[in-house]
Amino acid sequence: MDGSSLRRQGAGPPVADGTIRTIDSVPRIHHEGYWIKMYPVPDDTLEAKRKLIEALTRRLFNHTEHGLNIPGCRLDEARRAFQTEADPGRKRVKCAMYAGALFNRATDIFTRLVDLQSTGVEISPNNDLMRECGRCLEEALALCGSVLHRSGGEGIDELWGEPFRAFCIPLEKFYASRYVKMGLAMQDIDRVADAMVASLRPPMFGGIETPIRDFARAARVKVETMRTDPEIFDVWADLVTAGERLASFHPVLSRKSDEHEQRVASFGTQLICSGRDIIFHMARARVGMPKSVGEFADRCKTYAATGIVTMVPIPLPA
């Protein structure tokens with residue numbers, strides 16, 4: 001089992017979300033119709049939270065637009081640049097940069113607090129620096145509307161809010177919420193795959209369903225697999241090679257294809273690459289992208305009806 005059995009593929013009564021079972025010797029939790037691989041929750045200490053917030057912040061900058069990883073020591077500069085900017089487009093970008101500086105300032109503070117605790121200094125939740133750390137994270141979260149995913153297609157609010165949640169709630173509750181997001185991401189991955197299969201029809205796209213489903217399956221496994229898992233080497237290799245196979249699919253043209261048929265084939269190939277890219281983005285971020293998925297599904301319906309794709313594909317990140 002790859003940890004992503006769909007409800008529609010199973011038999012018997014529905015399984016309640018949050019149900020935990022050991023399947024093939026692997027503990028799994030059920031959410032949104034999927035059995036998702038579980039990992040042990042670390043002890044809820046400041047050190048564990050520091051490591052988690054640092055990891056979430058790195059992950060955040062890895063998936064958002066370029067240029068936002070402003071050091072926390074430049075927070076005042078970033079704030080002034082944002083507050084004094086008049087042009088709306090530039091202000092949006094500078095707001096995102098300011099939010100990045102806020103995240104880094106919070107991480108800097110939390111790191112110093114953990115260092116102090118390691119020397120025997122007791123750190124109270126009411127400590128002034130703890131409150132300042134929380135304030136920075138909260139303000140950064142409030143600015144998420146100005147931050148775009150690296151593809152430029154939409155914001156990625158679920159990912160942006162995770163460092164603040166990790167700071168505010170117990171680790172066990174935080175990790176439980178992650179499984180819900182993984183289930184929703186898997187659901188969005190399959191929505192994209194279903195839309196592609198429904199719109200890319202034979203004979204021109206005969207045989208396309210297999211590489212689409214293979215790629216979606218590899219993406220779901222990537223969503224549930226932590227980077228520290230020893231299986232990540234096989235999981236990542238499977239995802240990349242499945243994406244390459246999908247992108248290399250060639251439509252079948254008639255022996256005397258005309259310009260219209262060639263255009264329809266070209267648009268279909270563009271749709272394949274765009275769908276692959278959206279799935280790849282979600283597999284890496286491990287959260288859904290409902291705006292991009294909805295827009296892509298609409299494009300698929302337009303293509304099925306007209307043979308035309310109305311938007312350019314979303315580029316992969318550099």
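R90 is partly exposed, with a relative accessible area of 48%, where buried means under 20% relative accessible area, exposed over 50%, and partly exposed in between, computed with a 1.4 Å probe on protein chains only. The model is predicted, with local features requiring pLDDT of at least 70 and side-chain atom pairs counted only at pLDDT 80 or more, while totals for chains, interfaces and linings use all residues. Residues are numbered from 1 along each chain as its sequence is written, and side-chain values use heavy atoms, leaving out hydrogens and water.

**View 1. The salt bridge between E85 and R90**. The two side chains meet at 3.2 Å, N to O, a salt bridge being a side-chain nitrogen of Lys or Arg within 4 Å of a carboxyl oxygen of Asp or Glu. E85 counts as buried at 12% relative accessibility.

View 2. E132 is partly exposed at 27%, and R135 is partly exposed at 33%.

**View 3. The salt bridge between D190 and R220**. These side chains meet at 2.7 Å, N to O, and the pair links distant parts of the chain, with D190 in helix 7 (residues 171-199) and R220 in helix 8 (residues 209-224), 30 residues apart. D190 is buried at 3% relative accessibility, and R220 is buried at 7%.

**View 4. A network of salt bridges**. E47, R50, K51 and E54 are linked in this network, and the structure holds 25 salt bridges.

Key: Helix = DSSP H or I, 4+ residues; strand = E, 2+ residues; numbered from the N terminus.
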